[in-house]
Amino acid sequence: MTDLSVRRLVGADVGDWRALRLEALSTYPEAFLTTYDEAAAESLDTIADRLDNGQTFGVFVASDIVGIGSLIQLTKTQTKHRAELGAFFVQPGAQGSGAASALVQGITEAARQSGISQLELFVAASNARAIAFYTRTGFREVGRIPNATLSDGHAETDLIMIHAIG
Ligand SMILES: CC(C)(COP(=O)(O)OP(=O)(O)OC[C@H]1O[C@@H](n2cnc3c(N)ncnc32)[C@H](O)[C@@H]1OP(=O)(O)O)[C@@H](O)C(=O)NCCC(=O)NCCS
């Protein structure tokens, strides 16, 4: 897909971010640790503050946002080279288009600039598409967390994946 761009989101993007986040959680509830109700309960001010002070990114087709992803850098002296990639979502209409790859690439470049040399993520073992995507992007499985989520009595295993970017 042409005309793809990636940039860090700020407080002014709160409406776009919230819309995509809620779409992700309603469409793929099993792919995320957060529930739709938990996300819907957050105030716009709280989200805008987090965008202004954090590292959340959007991928755009022309001026339309089609995907989001966040980087959460660990803060201790001995851990600040690590960051968790989370809340990663590309709208169904933009899946398979290269938008997800562009987003990971943009986030990876920003991570390097922040001194991060290892990206880490959790992904549900049943999420074959996401696992295939992350593997193609350079992540590899390093472990599993049984009972990572419990939903209506159903336990889901998560894969822990890492990508060395240093
Ligand atoms: C995960 C996500 C961001 C990936 O973006 P995408 O645009 O779909 O990814 P791509 O199409 O570039 O790559 C998907 C890969 O999975 C493959 N694939 C598709 N369906 C599959 C399936 N059911 N099982 C295994 N692999 C599958 C595709 O062939 C492709 O691999 P290839 O490029 O080597 O052929 C996107 O699918 C998404 O937002 N999913 C819903 C939310 C989610 O799961 N987020 C991740 C939370 S950890």
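Predicted model: local features only at pLDDT ≥ 70, side-chain atom pairs only at ≥ 80, totals over all residues.
The briefing below covers the ligand site and then the nonpolar cores.

**Ligand surroundings**

- Phe 88 places a backbone N or O atom 2.8 Å from a nitrogen atom of the ligand.
- Gly 96 has a polar backbone atom 2.8 Å from an oxygen atom of the ligand.
- Arg 136 has a polar side-chain atom 2.5 Å from a ligand oxygen atom.
- The ligand taken alone exposes 950 Å², of which the protein buries 70%.

**Largest nonpolar core**

- The largest nonpolar core has 30 residues, and those touching the most other members are Leu 71, Phe 88, Leu 119, Val 123 and Tyr 134.
- Two or more residues of this core come from each of strands E2 (55–61), E3 (64–73), E4 (82–90), E5 (118–124) and E7 (154–164), as well as from helices H4 (99–113) and H5 (128–137).
- Helix H4 gives the most to this core, namely eight residues.
- Beyond its neighbours within four places in sequence, Leu 71 is in contact with Gln 55, Phe 57, Ala 83, Glu 84, Ile 107, Ala 111, Ile 116 and Leu 119.

**Another core**

Note on methods:
Residues numbered from 1 in each chain as written. Heavy atoms only, no water. Core = buried A, V, L, I, M, F, W, Y, C linked by side-chain atoms within 4.5 Å. Buried < 20%, exposed > 50% of the residue type's maximum accessible area, 1.4 Å probe, protein only. Helix = DSSP H or I, 4+ residues; strand = E, 2+ residues; numbered from the N terminus. Contact = heavy atoms within 4.5 Å. Polar contact = N/O pair within 3.5 Å; in protein donor to acceptor, adjacent residues only side chain to side chain. Areas by Shrake-Rupley, 256 points an atom, 1.4 Å probe, with all protein chains shown as cover.
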